[in-house]
Amino acid sequence: MSISKKQQEIVAEFSLFDDWMDKYQHLIEMGKTLPLIDASEKTEDKLIKGCQSKVWLHAQLNDDRVVFTADSDAVITKGIIAILIRVFSMQPPEAVVQAKTDFIDEIGLKEHLSPTRANGLVAMIKQMKLYALAFETQMNEQ
Amino acid sequence: MPFDVAAIRADFPILHRQVNGKPLVYLDNAATSQKPQAVIDSIVEYYSRYNANIHRGVHSLSQEATDAFEQARIKIQKHFNIAKKHEVIFTSGTTHGINLVAQGFSNLLEAGDEVLVSALEHHSNIVPWQMLCERTGARLEVLPMNAEGTLAMDQLKNVLSSKTKLVFVNHISNALGTINPIEEIIQKAHQVGAAVLVDGAQACSHLQPDLQALNVDFYVTSAHKMCGPTGIGMLYGKESWLEKLPPYQGGGEMISEVTFEKTTYAELPHKFEAGTPNIAGGIAFGAAIDYLQHIGLDAIAQYEAELLAYATQELGTIEGMKIYGTGPDKTSVISFNVGEIHPYDIGTILDQMGIAVRTGHHCAQPVMQYFNIPGTVRASFAFYNTKEEIDALVNGVRKAQMMLS
């Protein structure tokens, strides 16, 4: 499934909830689906700066697709990462680099997920795109 | 007369707005206080009626503005019982005041001298001293804290010696609300010949320090935490110390005579007030002091103590509640965590309910490291908060706990 299809899918899911509490509950549940990361992998170099909570992000290239794994010590932040991973993981690096991210406005948690919030959303997206760009460059050189 | 919180709330326009569809419950007063109409009006009036540059014009507007600005200085002087009005230096805020003193002391310290800070400090009261020590070769010593979140006063004698030239301590800890025993620290520091600077940023909205009685050498604070505007604050320095320190910045107004050969510096306070100051801010700082005086700092302290006791008791009924800063002397600040829940998660859910609290390390990472936590949720109450708002906080935390566990 393409990145934009996945984005539409997530927007549709969130549109089922009217109440902010239910939306957050869904976000929190999504966070719980993130695969656990071994403590030994939560190293300083994988920490994203600019978040109030700690976010570790790891990326690798598998069969020309970027695979992201991530974790956080805050569950709402984990939910946000889970959304981003669902959208960006297992995609070609080029598609990740070029992807738009305005779907976040449509989820209905706009106030919360707006870029000026100190939740590190912008920092997370930037770091994911940087990894993708590095893999894209690496692939072009081969 | 009983404390009429409803009448007080009517003075603060912002308290009537909604956030995320709910009435605002503002419990982030330790970050900045809200402003009463009288303070807002003083700014509007200045810009609408007598905006002019001060201390230099011969025209009437300039004279009116100068009078109002200098009147504010006198209000501050009286409020803090300062001996001379030129010992009141207008700054842009607490951080500016601290940096002004740190910069000045870089000419007075030598390698081998020691600078003492407390373990309860805000970053703004650590970093300038680290920089000062790097510049001068002086050593930074730390007065430790203990598990109650109070200073380990029994260890003061181990870190204070004749080598100590400067001691820096906050009057009240911003992260925990602990009121530090500054009288004792000032007295002991003076016994070894050290100067003391007290950071009063968190204190002046809760109590009214008598700076002559304290015999403190320097005291800094910000207007915006005491119902005044941002961008203005006070540095108090004893005249003898202010005379000793070199000017901080060059510019207009801080000089008395300039030729290309030599500049003669102006008298105090202008020596430290280079350039056009924050005139509107200074005047509004004066209006904020008038407002606090009108309510009365004693009445404020008494009411806030009630709020603190009520909030401590009610929050204490929540399972897994852990309050940091449990010393006997504290202001209306509660720093807490609930079980293993991240403070950021609780703050986010509270925000959805219109409740504003601070989450994180509160610019006091050493304090968080001591407790080995990433941060806390900090609810800080002002005299315009109510018990109903504390009930809203407690219900909000319970709801967040339910959602997040």
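What radius of gyration would a compact globule with 405 residues have, and what does chain B have? I started my notebook with that one, keeping in mind that this is a predicted model.

**Entry 1: chain B as a whole**

I looked up the radius of gyration of chain B and found 22 Å. A compact globule with 405 residues would come out near 22 Å, so the value agrees. Next I checked the box that the C-alpha atoms of chain B fill, and along the principal axes it is roughly 70 × 55 × 35 Å. I also looked at burial: 48% of the 405 residues in chain B are buried. Then I turned to contacts in chain B between residues at least 6 apart in sequence, and 70% of these join residues at least 24 apart. For secondary structure, I noted 14 helices and 17 strands in chain B.

A reminder to myself: strands of a sheet pair through backbone hydrogen bonds, either parallel or antiparallel.

I then picked out β7(B), residues 164–170. Is this strand buried or exposed? I found 7 of its 7 residues buried, so β7(B) is largely enclosed by the rest of the structure. With β5(B), residues 114–118, β7(B) pairs in the parallel sense over 4 bridges.

**Entry 2: B:Tyr236**

I stayed with the sheet and looked at B:Tyr236, which lies in β10(B), residues 233–237. How many other C-beta atoms lie within 10 Å of B:Tyr236? I found 26, and a residue counts as buried at 20 or more, so B:Tyr236 is buried. Leaving out residues up to four places away in sequence, B:Tyr236 touches B:Phe80, B:Ile82, B:Glu87, B:Val88, B:Leu211, B:Phe218 and B:Tyr219. I also looked up B:Lys84, which is 152 residues from B:Tyr236 in sequence, yet their C-alpha atoms are 10.0 Å apart in space.

**Entry 3: the four-stranded sheet**

I found another open sheet in chain B, with 4 strands in the order β13-β14-β17-β16 and antiparallel pairing. Its edge strands are β13 (321–324) and β16 (358–360) of chain B, each of which pairs on one side only. Ignoring direction, neighbouring strands of this sheet are turned by 30 degrees against each other on average. I followed β16(B) to β17(B), residues 376–380, and counted 3 bridges in the antiparallel sense. In that pairing, B:Thr359 stands opposite B:Val377 in β17(B). I also noted helix α12 of chain B, residues 343–352, lying across β14 (333–338), β16 and β17 of chain B and running at about 155 degrees to β16(B).

**Entry 4: chain A and its helices**

How far apart are the end C-alpha atoms of helix α7 of chain A, residues 121–141? I found 31 Å, and at 1.5 Å a residue its 21 residues should span 30 Å, so the two agree. I listed the buried residues of α7(A), among them A:Leu121, A:Met124, A:Met128, A:Tyr131 and A:Phe135.

I then visited A:Lys6, which is in α1(A), residues 3–15. With 19 other C-beta atoms within 10 Å, A:Lys6 is partly exposed. Beyond its neighbours within four places in sequence, A:Lys6 is in contact with A:Met1, A:Arg86 and A:Val87.

**Entry 5: where the chains meet**

Last, I looked at the contact between the chains, which takes 15 residues from chain A and 12 residues from chain B. On the chain A side, the elements giving two or more residues are α2 (20–32), α3 (75–88) and α6 (110–113). The largest share, 5 residues, comes from α2(A). By class, I noted 7 nonpolar, 5 polar and 3 charged residues on that side.

Note on methods: Residues numbered from 1 in each chain as written. Chains lettered and ligands numbered in written order. Predicted model: local features only at pLDDT ≥ 70, side-chain atom pairs only at ≥ 80, totals over all residues. Contact = placed C-beta atoms within 7 Å. Nonpolar A, V, L, I, M, F, W, Y, C, P; charged D, E, K, R; others polar. Rg over C-alpha atoms; globule rule 2.2 N^0.38 Å. Buried ≥ 20, exposed ≤ 12 C-beta atoms within 10 Å, placed from the backbone. Pairing = 2+ DSSP bridges. Axes fitted to C-alpha atoms, helices over the stretch in contact; angles between N-to-C directions. Expected span 1.5 Å × (residues − 1).
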